[in-house]
Amino acid sequence: MSTLNETIEEVVQERVNRFKPRAKRNFIVIGIITIITLLFAGMSYYQATRFNSQITINDTLVGGLTADQAIKKLKTSVLTNKVYVGQQKILDEKETEMGFTEQDLPEIKKILKSQWTFFPSSKVQNYLLIPDKMEQFRGQTLKKQLEEKLLSMNKELKAPQDAEAKLEQGKIVISKSIDGEQYDIARILEDYQKQKYNSDIHLNPVLLQPIKADSPIIKEEENLFQDLLQRTVDYKVQDQVYTLNASELIKDASLSKDKKITISASDIKNKIDEINRSQSTLNKNFSFKTHSGSVISVKGQGYGWALNIEKETARIQEAFEKGEQSIPASNIYGNGWDYEPIGYETTTNNGIGDTYAEVSIAQQRIWIYKNGKLAVTTNVVTGKHSTNEGTHPGVWYILFKQSPHTLRGSAAGNPNYSVKVSYWAPFTNDGQGFHDASWRRNWSSSAYLTAGSAGCVNTPPSIMKIVYDNLSKYDPVIIY
């Protein structure tokens, strides 16, 4: 029995001895794992609470600092206020405090979190942070000084010259761009905004760039001129329409900054002058068929119209510039009362129309036609021939009508007269017209030679009302 017990004890002891090294090894492994875990935990905590070594905020090194330590350091940091454009120092102002307070701590913590890496990093990173309490000097004063300095410097520097499309002598010409030396102030100020809380501010010396000849902008300008040259304007004068072609008339043109076309030289004026000479009636002879059927030539006097060439040229030029396709003539003038353009609306009967008064000095008679039909005819007495007070030949028009009326003026042998008449219809600006003459006794066909009027057409009182009623304002009066 004792032998059996001894055998059992030996077996147990053997097994215990067999497991002792294994347990010791397990203990060591667990220990190592625990140490590594603690190291990683410590490192993770360190990384989570401190900035990496090469982190700066507004050029102030905060590497290895906690957020609280970083805000303390930033509170005491200053800005040197030196501004460089490229290698050139253009501003050197007094130092100012960064302007951080405890209110900025949450933002510092956000930066701390954003730069976190599991393992320590030596990557260089500079973060920009605008303090909650905005520092007015950097945000406004220094920025304004920078802008004014750049503006002053640009005045002494050569400006770039843009390429541009122009119309010259009827052809589209594109000029080359020329580089300049002036700074692009807008882009430099954008760069400043990104760096305005760096201690020293180093700005990229960006220069103004000219518009290049191959840019889309110049292509657009070229297309605008091509479109201009294809434009036409239908110009209506009375019942005639003239199609004016830009390609034939426009010589030089340019574009404004807002892409509006301005024509600087053209043959438009010459074209309007040509139209005016061929179609206007002012101061020209009218071909007139008399009551007897004979055709005579009578000089236009008060009656007639002409185009104001300067004003019409400007209108047509503007129509081309704006792309208008059709315009009627509008700036028209004449020799009549207030320079009215009389007869513009009339195109029949060589511009006289079918309603008019015909006065024959030789026959001492008048004929009044309404719509081509004779309305009334009567003998008359015209201006006194012997004293050069004859009624003026020419094509005139009825200025106005008045009944009754007092004639005032002068005549040979009577420098100041005043005579009442029942009906008055003047046709010249110097006071000649149709009126009754109750005082006249001599109505012979030769009375005008030595006993005529002071220039008016004396009409027998018995028929004057009919004459008056058949005359209308603006009716032509042809005297020959």
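Reader: A salt bridge being a side-chain nitrogen of Lys or Arg within 4 Å of a carboxyl oxygen of Asp or Glu, how many salt bridges does the structure hold?

Author: The structure holds 15 of them. Please keep in mind that this is a predicted model, in which local features need pLDDT of at least 70 and side-chain atom pairs count only at pLDDT 80 or more, while totals for chains, interfaces and linings use all residues. Residues are numbered from 1 along each chain as its sequence is written, and side-chain values use heavy atoms, with hydrogens and water left out.

Reader: Which residue does glutamate 102 pair with?

Author: Glutamate 102 forms a salt bridge with lysine 75, and their closest N and O atoms are 2.4 Å apart. Glutamate 102 sits in the loop between β6 (96–97) and α3, whereas lysine 75 belongs to helix α2, so the pair ties together parts that are 27 residues apart in sequence. Helices here are DSSP runs of H or I with at least four residues, strands are E runs of at least two, and both are numbered from the N terminus.

Reader: How far apart are N and O for arginine 231 and aspartate 227?

Author: Their side chains meet in a salt bridge of 2.8 Å; arginine 231 is buried at 17%, while aspartate 227 is partly exposed at 37%.

Reader: Switching to helices, at what angle do α2 and α3 cross?

Author: The axes of helix α2 (residues 67–76) and helix α3 (residues 105–114) cross at roughly 120° and come within 9 Å. Axes are lines fitted to C-alpha atoms, for helices over the stretch in contact, and angles run from 0 to 180 degrees between N-to-C directions. The two helices are therefore oblique to each other, since angles under 35 degrees count as roughly parallel, over 145 as roughly antiparallel, 65 to 115 as roughly perpendicular and the rest as oblique.

Reader: How do α8 and α9 pack?

Author: Helix α8 (residues 268–279) packs on helix α9 (residues 309–322) at about 125°, with the axes 9 Å apart, and that makes α8 oblique to α9. The crossing of α8 and α9 is right-handed, as is that of α2 and α3; right-handed means the near helix is turned clockwise from the far one by less than a right angle, left-handed anticlockwise.

Reader: Now the surface: which residues make the nonpolar patch?

Author: Phe27, Ile28, Ile32, Ile36, Phe40, Trp116, Phe118 and Phe119 make a patch of about 810 Å². Patches take residues with over 30% relative accessible area and no salt bridge, joining nonpolar side chains (Val, Leu, Ile, Met, Phe, Trp, Tyr) within 5 Å and like charges within 9 Å, and areas come from the Shrake-Rupley method with a 1.4 Å probe, where for residues only the protein chains shown count as cover. Isoleucine 28 lies in helix α1 (residues 2–49) and is partly exposed at 44%.

Methods
Buried means under 20% relative accessible area, exposed over 50%, partly exposed in between (1.4 Å probe, protein chains only).
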